[in-house]
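Work through the exercises below with the sequence and the model side by side. Try each task before reading its solution.

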Amino acid sequence: MRLESNATIQIQKPIEEVFEGIVNPTQMTNYFISESSGRLDSGSELIWKFPEFPDKFPITDIRVETNRSISFVWDPETVVKITLEKLPDNSTIVRVNENGKELTEDNLKWALDNSGGWANFLACMKAYLEYGIQLRKGAFDFMRNSENR
């Protein structure tokens, strides 16, 4: 059995704006990451940095369908797929699915933690794209090691 992490939200913005908000590192640094080595484009490989972690995360196997989906690997055992659906009122449903880990006790904890993490990603993106609010700023400072406090 393979585990999945899932989260979904509706954003009151056109699909083109939501898509750009995900692939454009200048926008992503306002709600998700602190640094990116580039834009999410098919075939590219990137490095992401998060404000609360000292590690850098390689982003590989990137596949992008403009205004439809973005997928990538940042954990060798999983694939993240973000899909976009345009609604008649010109808002967008965003679905995130990360899957691939086998069922173990540790991986079950991973699935629960990542479902919450992706829900946070979506809430932060919604706040930023709809209202220009940066919810993530300072939200995870407690996670830094004691040297950074």
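The place of N67 is in the loop between β4 and β5. The model is a predicted one.

**Exercise 1. Two aromatic pairs**

Task: Which geometry does the pair of W48 and F72 have? Which does the pair of F50 and W74 have?

Solution. 
- Step 1. Apply them to W48 and F72. The centres are 5.3 Å apart and the planes make 70°, an edge-to-face pair. The cut-off for that class is over 60 degrees.
- Step 2. W48 is in strand β3 (residues 46–49) and F72 is in strand β5 (residues 69–73). They are 24 residues apart, so the pair links distant parts of the chain.
- Step 3. Check burial. W48 is buried at 1% relative accessibility. F72 is also buried, with a relative accessible area of 1%.
- Step 4. Move to F50 and W74. Their ring centres are 6.0 Å apart with planes at 55°, so this pair is tilted.
- Step 5. F50 is in the loop between β3 and β4 (56–65), and W74 is in the loop between β5 and β6 (79–86). This pair too spans 24 residues and links distant parts of the chain.
- Step 6. F50 is buried, with a relative accessible area of 5%.

**Exercise 2. From pairs to a cluster**

Task: How many aromatic pairs does the structure hold? Which residues do ring pairs link into a cluster?

Solution. 
- Step 1. Count the pairs: the structure holds 17.
- Step 2. Trace the links. The cluster includes Y31, F32, W48, F50, F53 and F57. F72, W74, W118, F121 and Y128 also belong to it.
- Step 3. Look at a ring with a charge. K101 lies over the face of W110, 5.4 Å from the ring centre.

**Exercise 3. Cavity and pocket**

Task: What lines the largest cavity, and what lines the largest pocket?

Solution. 
- Step 1. Search the whole structure. One cavity of 30 Å³ or more is found. The largest cavity holds about 30 Å³ of space.
- Step 2. List its lining: I22, M28, F32, L40, W48, F72, I82, W118 and F121.
- Step 3. Class the lining of this cavity. It has nine nonpolar residues, no polar and no charged.
- Step 4. Go to the largest pocket, with a volume of about 470 Å³. Of its 19 lining residues, F50, F53, W74, N114 and G117 are the closest to its centre.
- Step 5. Find the main contributor. Helix α3 (residues 105–131) gives the most to the pocket lining, with seven residues.
- Step 6. Class the pocket lining: 10 nonpolar, three polar and six charged residues.

Key:
Residues are numbered from 1 along each chain as its sequence is written. This is a predicted model: local features need pLDDT of at least 70, side-chain atom pairs count only at pLDDT 80 or more; totals for chains, interfaces and linings use all residues. Side-chain values use heavy atoms; hydrogens and water are left out. On a 1 Å grid over the protein atoms alone, a cavity is a set of points where a 1.4 Å probe fits but cannot get out, and a pocket is an open set with protein on both sides within 12 Å along at least five of seven lines; lining residues have an atom within 4 Å of a point. Grid points are joined across faces, edges and corners, and a volume is the space filled by probe spheres set on the points. Helices (H or I, at least four residues) and strands (E, at least two) are DSSP runs, numbered from the N terminus. Ala, Val, Leu, Ile, Met, Phe, Trp, Tyr, Cys and Pro count as nonpolar, Asp, Glu, Lys and Arg as charged, and the others, Gly among them, as polar. Rings of Phe, Tyr and Trp (its six-membered ring) pair if their centres lie within 6.5 Å; planes under 30 degrees apart count as stacked, over 60 as edge-to-face and the rest as tilted. Buried means under 20% relative accessible area, exposed over 50%, partly exposed in between (1.4 Å probe, protein chains only). A charge sits over a ring if NZ of Lys or CZ of Arg is within 6 Å of the ring centre and within 35 degrees of the ring normal.
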